[in-house]
Structure formats: C-alpha cells, structure tokens
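Good morning. Please look at the structure on the screen, and I will take you through a few of its features.

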Amino acid sequence: MSHGSELPSTASAAAGGPTLKLDLIAGLTAAAVVLPKAMAYATVAGLPVAVGLYTALVPMVIYALLGTSRVLSVSSTTTLAILAGTELALVVPDGDPAHLLAASATLAALVGVMLMLAAVLRLGFVANFISAPVLTGFKAGIGCVILLDQIPKLFGLHITKQGFFHDLLTVVQHVPEAHLLTALVAVATMVVLIGMEKLWPHSPAPLVAVGGGIAASWLFGLKALGVSIVGTIPQGFPSLTMPDLTLVQQLIPGAMGIALMSFTETIAAGRAFVRNDDPRIDANRELIATGAANLGGALLGAMPAGGGTSQTAVVRAAGGRSQKASLVTAAAALATMLVLAPLLGLLPNSALAAVVIVYSVGLIQPKEFAAIRNIRNMEFRWACAAALGVLLFGTLNGILVAIIVSLVGLAAQTARPHVYALGRKPGTDVLRPLSAEHPEDERFEGLLVARPEGRIFFLNANAIADRLTELTEEFQPRVVVLDMSRVPDIEYSALQMLVEGDKRVAERGITLWIAGLNPGAMAMVQHAGLAEHLGRERMIFNAQTAIERFLAQNKKPA
C-alpha cells in the first residue's frame, strides 16, 4: 500500500476515541435510514422484507473488510432491487417464497462470481461504458418503473403486470377502487418522510415513518380494517441458503446486467464521497469487494447488493470516518433480526411502498435532463433513448439499450472528428483554426495547414479524407501540411488512406507534407513504409516549421 493511503489510517488511529465515537453515531444514524429502506427494496424485488435486513448485514460487513472506500455503505439499492425483481419474476412466475429465496441466492451468487471474475480480468474500466447522460436516462426509466410498481400498494390495488404503459393505464382505471384507509396510511407516511427531510436533512425519517406505521397498525388494528401488513418475519440469524444450480443458465444474462449496475453504482458512490486525505478508489479492488459481498450475502439469504449514494451521504453527513460505521449499521441490522422482527411484521405494506416511492423519485432528475440539453442536444437524445429503452423493453433489456446507446453515441462522436484549416495569429507562432472571430489571422497563398483531432481509425478515416478533399477544393493549395500533433494513434485503415491520399493529391500537382507526428503515430508510419515513401523532406518536426519552410521555398526575389 502506498504511503498516501497509510497516513490517513495513522491519523485516525491517533485520533482514537473521537473517531470511534463519530463512526458509532454515523453507523446508528445510517441504520435508522438504511434498514427501513432495505426492507422496502426487498418488497420491490418481490422478496420477503427479511431479505432486506440480510442484505444490510452480510454484504455490508464483507465490503467493510475488503473495500477501498472509507465510508461507502453497501446494501440493496433501488436500481438493483427492480432489476433483481424483474429477473426473479421470470424464473419464478408463481412467486413461491421458497423458490424465490433460492433464485435470489443464485442470482446474487452469479453477480458475485461475475464481479470477482471481472477483477481477475482487470475489467474495472467497464464501469465507464455507460456515459453520464445515458445513466441519467436509464435511472429515470428505472425510477418510473419503481413508482408505477409501488402505486398499486399505496391504494391497496392488485393488478396483473403486462408492460409499463399497459400497467399505467390499468392503474388509472382502477384508482376509484382504492382502499381509503390504506391510502391514508401511505399519505401519512409520505408526509412524515418529506416533512422531516425538508426540516432535518439526513434525519432518521424512515425510522420514524416505519415506527409510526407499526404503532398505528398495533393501536388501531389496521389488519382487521383491511390494511395489508408485512406479516411474519423470521426471527434469528439468517439461515444458510444454497443456490439452485438448475437456474444458472436462465439467470446468467440478468446477472451480467445486475453486476454491471452494481459495480457502476458502487464506483460512482465511492468516488462521490472521497476526500483529499482518503485513499484512492481502486476500481479492480472494488470489483473484488463487491463480488465477495454479493457471493457471501447469497449464501446467507441476501439479494444482489451494491454501494448506495443516499445511504453513504448519511454516513458522511453524520461524521463517519471509516468502515467501522458500516459495521455498526450491520450490527443494528442483526439486533433488529434478533429482537424487533415480530414488531416489523405489523408494518403496513402501503407504508413500505411510501418509503420506496419517496426515496426512488430522486432517480428521476428533470434538472439533469435540462442541463444535458443546454450543453448538447445529442447527449439529451441519448438520455431520452435510455429512459424509453427501460420503459419499452424492460429494465434488464434497458441496460443493453443504455450500453448500445452509449457506444453508438461514442461511434457518432468519433466517426466525424474535427479537421481544421489553420491560420497563424499575427506576430506570434500560434496556430489556430480559421474562423470569423479572427479574420486577421495569417493565411499563406498556396499553402493549406490542416489539423485533424483524435485517433484516426477505420471508423473515421473516410470522413477525414472527405473533409481534407473539401478543404483542398476550397483553398486550392500547392502544398498541404497535415498537422498530426493532435493525433495520438493511426490505425492501418487510416495509413492506407494517407498513402492513397498522397497519390491523389500528387496527380493534381499538390505536395503532401506531414508534421508533428507523435511517437506512437510515427512508429506506425515507419512500420507501414509511409515514412520511407515521403522521405525526410516531407516529414517535418511541427506545423510552424513547415510554414517557415514553405515561405522560404516560395520567397520572391527582391
């Protein structure tokens, strides 16, 4: 480990008691927020609420021991819950509890294995495959799916799911059949949650709301009045749950998507809360930590887990300094399982649905969409496409749509790179793109200095060649200087394009010079034999030198 990562630990040790006290307070505060949400997320996945508690215990402890973030809180998240629920519904359509638990264990184990395999292959960079605008759209789509999934529970309705837009219409049609008392419990829960968050950010609002729901259920006998409650929760330690190997083949595609989102969310949350004196977030180490957390959690009944931004924010806001805070939160989850399970069984399902909705609506960020649109319409369209992909094709296929949209967007950006005609700022050696803003920039009759930007490869070689042809037609030069200073690499197809381009311009009486080759690009030009073909006289150190040579060669006699 580097000295930079050891110093903060030493400082924490020196702080001793104060640091431990801060972690204790942060861990208990986080538990008040995390545990009710974990139970709610379990219901989103169609699992018993106890699974949420198991997920707030086992994965959290394992990550605390292995992870590189000091404050990241790892358990279930809204995105992972809805993805897991979608996959589990496919393999256990009848909703049998025993089969669901086995399927959930299999899914979490597969996610864990995939993450650890990705660590062995050093695939940490894969987290960057989903661009920020696309992730914004994907999460908005997920948020809409979660809201629609929970709304029937708010009103005590039961619908058959057949797709987002069909389900939306069905819910609207059945709202008049809502159970009034169930809806009142949900509204009261929301008022408590939203009111406390407004007045006291990062407060234990979920704990207060859940506690109020349990108290109301017990005092007024809500179950007898027709309000659905959670029901019996197993009391005691989580039992060993073995994966069902017969489901592996069916679950692999979904597990791949969940593994990707688990890692993406974990890295995003971990990096968001790094301080200057914290150790660096190691992407491949995070793969190992989250993989082990999911694999270990699977064997003890947990659902797929990952780092959560909102719960980590609570830890940081409460003064958490190390993973001791997460260990305290996990201890609180264990105490809840051992002591409070009977009380939790009284919790109205509509109160749990209210918790899910309040903490999932933040996935939909209209301001983010507006900000993206203000910068560039293309990225805005990517975000909208990712959101619609989730709504039209489902959450798991939505991941594939999000990745495809990101890759198509990347291809679109690289397929038509900028190729500028350069001029020289008067009185300087500064070369910059010719533009109406700088009409005074020097141009040189008979000379075109063109600068492509970015890697040149098979996808954009023809586009660059077409742009250079346009510039040649416009400027009618005798010499074209191709300034390659902004080109880090040239692929084989691009080298062929250069060779053919040299022949074409030569037929028109135009000479091609190449200037400013970077070492990597120079090596490719030499290997391809282009350097030998051009000769030293046409391989120039930089564009400014090329201009000086051209002016010297074309200097008119006095």
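I start with a definition: a patch is made of residues with over 30% relative accessible area and no salt bridge, where like charges are joined within 9 Å and nonpolar side chains (Val, Leu, Ile, Met, Phe, Trp, Tyr) within 5 Å. Accessible areas come from the Shrake-Rupley method with a 1.4 Å probe, and for residues only the protein chains shown count as cover. A salt bridge is a side-chain nitrogen of Lys or Arg within 4 Å of a carboxyl oxygen of Asp or Glu.

The model is predicted: local features need pLDDT of at least 70, side-chain atom pairs count only at pLDDT 80 or more, and totals for chains, interfaces and linings use all residues. Residues are numbered from 1 along each chain as its sequence is written, and side-chain values use heavy atoms, with hydrogens and water left out.

Now the patch. F165, L168, V172, L388, L392 and F393 make up a nonpolar patch on the surface, together having about 600 Å² of accessible area. Helices α8 (164-174) and α17 (377-393) each supply at least two of its residues; helices (H or I, at least four residues) and strands (E, at least two) are DSSP runs, numbered from the N terminus. F393 sits in α17 and is exposed, at 52% relative accessibility. For these words, buried means under 20% relative accessible area, exposed over 50%, and partly exposed in between (1.4 Å probe, protein chains only).

Next, the salt bridges. How many does a search of the whole structure find? There are 14. In one of them, K139 meets E265 at 3.8 Å, N to O. K139 belongs to helix α7 (residues 132-155) and E265 to helix α11, so this pair ties together parts 126 residues apart in sequence. K139 is partly exposed at 22%, while E265 is buried at 8%.

Helix α11 (residues 248-272) has 25 residues, which at 1.5 Å a residue should span 36 Å; its end C-alpha atoms are 34 Å apart, which agrees. The expected span is 1.5 Å times one less than the number of residues. α11 also has a kink of about 35°, centred on G254. The bend at a residue is the angle between axes fitted to the seven residues ending there and the seven starting there.

Last, the sheet. Six strands form an open sheet with mixed pairing, in the order β4-β3-β5-β6-β7-β8. Two strands pair if DSSP finds at least two bridges between them. At the edges, β4 (431-433) and β8 (539-540) each pair on one side only.
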